[in-house]
Amino acid sequence: MLTQTTEKYQEVLEFAETRYKQNPDWVTFFREVLGVDGAARKTFPTFDELTAFEQSEQFDRIQKLLVKLREKRPSADTESEPTRVITVRLPKSMHESLRTEAHDLRTSMNKLCISKLLQVIGEEMIPNERATGGSPSPASTPSTPLSGGHSSTHSPSLGLRPHQPTQVGVSSPYGQQLQPTSSGLPPFKPSQPRF
């Protein structure tokens, strides 16, 4: 017998599968299923409910559908949603590791980084700046929202700040290299959307 929670998980999965069959681009699918105004967030509005859903088999199935759409139509339709750029400061060794991993996987760094950002990580994997009494450094503060203006608290904050940080310009899905930008957004707040 299905519990009420499991039934909700199944409802979101069924919505995702129905939407998948309509062959949308992956950005539209993400926005409508997992985005800030998507089916998952509407069904699981609290942090704890959403976190529990993200550990379910149904969420894993949705992630696989998303990967299939990215394979089918790797370049999202520019009219479906504008792109945004983030600047990430990371150690040179980490940058080299990402570049090598992308090469080994025969993909772009942009696609690799998006794939990593789409993965779910637990809170225990994100350094808590408040535990040490310090304030978040610019290196660990999102500088620009992801995906059409939605901030991401889902990706790990490195908490590392080398003396000469490397700024990484992220390529858009349309092939051109985007230059790093900065904006005057307020510091990260745990209450911001996870996607």
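1. Basis. This is a predicted model, in which local features need pLDDT of at least 70 and side-chain atom pairs count only at pLDDT 80 or more, while totals for chains, interfaces and linings use all residues. Residues are numbered from 1 along each chain as its sequence is written, and side-chain values use heavy atoms, with hydrogens and water left out.

2. Overall make-up. The chain has seven helices and two strands, where helices (H or I, at least four residues) and strands (E, at least two) are DSSP runs numbered from the N terminus. Read from the N terminus, the order of elements is α-α-α-α-α-β-α-α-β.

3. Burial and surface. The chain has 195 residues, of which 33% count as buried; buried means under 20% relative accessible area, exposed over 50%, and partly exposed in between (1.4 Å probe, protein chains only). Accessible surface amounts to about 11900 Å², with 52% of it belonging to carbon and sulfur atoms. Areas come from the Shrake-Rupley method with a 1.4 Å probe, and for residues only the protein chains shown count as cover.

4. Contact range. Contact means heavy atoms within 4.5 Å. Of the contacts between residues at least 6 apart in sequence, 76% join residues at least 24 apart.

5. Nonpolar core. A nonpolar core is a set of buried Ala, Val, Leu, Ile, Met, Phe, Trp, Tyr and Cys residues joined through side-chain atoms within 4.5 Å. The largest one has 21 residues, and Phe29, Leu34, Phe53, Ile62 and Leu66 have the most contacts inside it. Two or more residues each come from α1 (4-21), α2 (26-33), α4 (47-53) and α5 (57-72). Leaving aside residues up to four places away in sequence, Phe53 touches Tyr9, Val12, Ala40, Phe44, Gln58, Phe59 and Ile62.

6. α2 against α5. The axes of α2 and α5 are 8 Å apart, at an angle of about 155°. This makes the pair roughly antiparallel. Axes are lines fitted to C-alpha atoms, for helices over the stretch in contact, and angles run from 0 to 180 degrees between N-to-C directions. Angles under 35 degrees count as roughly parallel, over 145 as roughly antiparallel, 65 to 115 as roughly perpendicular and the rest as oblique. Trp26, Phe29, Phe30 and Val33 of α2 meet Ile62, Leu65, Leu66, Leu69 and Arg70 of α5.

7. α6 against α7. The axes of α6 and helix α7 (residues 109-118) come within 9 Å and cross at roughly 105°, and the two helices are therefore roughly perpendicular. On the α6 side the contact is made by His95, Leu98, Arg99, Glu101 and Ala102, and on the α7 side by Met109, Leu112, Cys113 and Lys116.

8. Glu101. This residue lies in α6 (residues 92-104) and is partly exposed because its relative accessibility is 28%. Beyond residues up to four places away in sequence, Glu101 touches Leu112 and Lys116. The C-alpha atoms of Glu101 and Leu112 are separated by 8.2 Å, with the two residues 11 apart along the chain.

9. Positive phi. Most residues other than glycine have a negative phi. Asn23, in the loop between α1 and α2, has a positive phi of about 55°; at 36% relative accessibility Asn23 counts as partly exposed. Arg106, in the loop between α6 and α7, has a positive phi near 55°; at 81% relative accessibility Arg106 counts as exposed.
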